[in-house]
Amino acid sequence: MSQSSTISETKEIVQNNLDYTLFSWSKQKGLDPIAVKYGAGVYLYDYDDKRYIDFSSGLMNVNIGHGDQRVTDAVAKQMQEVSYITPGCVTKARGELGKKLAEITPAGLNKTLFTVGGAEAIENAIKLARLYTGRHKIITRYRAFHGASYGAMTAGGDPRKLAVDAQQIPNIVHVEDPYCYRCPWGKEITSCNRECVSHVERVIEFEGPENVAAVIMEGESGSSGCIKYPPDYLQKIRAVCDKYCILLIADEVMSGFGRTGKWFGVNNYEVVPDMIAIAKGITSGYLPLGALIVSDKIASYFDDKVLWLGLTYSAHPVCCAAGLEVVNIYEEENMIENAAEMGRYIEQQVEALKLKHPSIGDFRNTGLLGCIELVKNRATKEPMAPFNAKPNDMAIMNKVAAKIKDLGMYTFVRWNYIFVAPPLCVTKEQVDEGLAIISEALLIADSYVY
């Protein structure tokens, strides 16, 4: 195929998408998407054979890397047998995936309700918490994202909901985040009294503990800026929940399946929640699948009571087959151990980058879930772009993002954050390749430092 015909094909593909499809979270004019032809490992390739290193694993979900044909084979085999059955029937894949999840989750969480994605997992977690406790209020964090359906979006505090939140669901109560780099209480982590925890307990007391069904916490913060918990934060939140007989729901949609160097983010804090919501890494994005894993105590409550939850595509056999194969790949390839090792390596390398780039204000990372926060001044911590930045506030970061793309990287750039979350199969050489691209792009940001 000639170069001109390739360019023509690329143009037609892009134009068809622009003319006939809508794009998430974007103005629809002026978009310049990458036309992806195929993916392999940590790389994406466009129709002009330009290679992009995927440094955010898609949307922090392609954990095993792109193009693993073992998943293709598992999916094809399942489709040759049966592609869909109602959730009232069962398949081998459903049972085996449920059993595998019980093996890798914290002790005492052994039953799974399969959903279509992460938002549905959160929606069902909220409903189940209310059914089980007879209470109605849900405590969540402002700097968290739990999905884009109405309930999940209300539960999150992400400002993307503000344009459509006139009809948000009731009885969601938000609390401040343990954002140590920008502590809401002006404290330092080494000398504070964990005001971030006493704040949550105080809100529970104000709202009436007898009304609070659950607290939802991410296993580890993701798209809000990888805001790392103080080491004992989740343990203290667990203790507050126990004190008032409140359920703790862990949103592991992004932080699950090895992303943080452990099977689940909560494992880093040795905390056992009452429910775990998962998606993304369960199939590594190869097919849509989510799940809500619940404690044995919650599961047994419904032995003689109706579980008023259901979805047409719950436990979809093809998606379950993909999930089972992906979980096996994590184990066979030692990807979770690799995520922990590569995470430590990235942390060392970014420390070196800090010496070179005054625009790096902070780097927060757990395993392969990391975020570089850019500032104009390290002393004042003035961000390179503010929280919920408007288009005219993004001029500098748009230049940085454009440079990253031009140099052959796909990654998530949001406000003053650059995300560092490559697939779990990444090597040191590929980490070096990716950080070199970010380093070159940071020269743009450095020029705005005062």
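**Backbone, helix and surface**

W415 is buried, because its relative accessible area is 9%, where buried means under 20%, exposed over 50% and partly exposed in between, with a 1.4 Å probe and protein chains only. This is a predicted model, in which local features need pLDDT of at least 70 and side-chain atom pairs count only at pLDDT 80 or more, while totals for chains, interfaces and linings use all residues. Residues are numbered from 1 along each chain as its sequence is written, and side-chain values use heavy atoms, with hydrogens and water left out.

**Positive phi**
- Most residues other than glycine have a negative phi.
- W415, although not a glycine, has a positive phi of about 50°, and its place is in the loop between β15 (413–414) and β16 (417–420); helices (H or I, at least four residues) and strands (E, at least two) are DSSP runs, numbered from the N terminus.
- C245, also not a glycine, has a positive phi near 55°; this residue lies in the loop between α8 (233–243) and β8 (247–251) and counts as exposed at 58% relative accessibility.

**Helix α11**
- The 22 residues of α11 (residues 335–356) should span 32 Å at 1.5 Å a residue, which agrees with end C-alpha atoms 31 Å apart; the expected span is 1.5 Å times one less than the number of residues.
- The buried residues of α11 include M335, I336, Y345, I346 and L353.
- Among the elements that cover the buried residues of α11 are α10 (317–332), β11 (360–366) and α13 (428–446).

**Location of V116**
- V116 is in the loop between β4 (109–115) and α5 (118–133), and counts as partly exposed at 30% relative accessibility.

Notes
Contact means heavy atoms within 4.5 Å.
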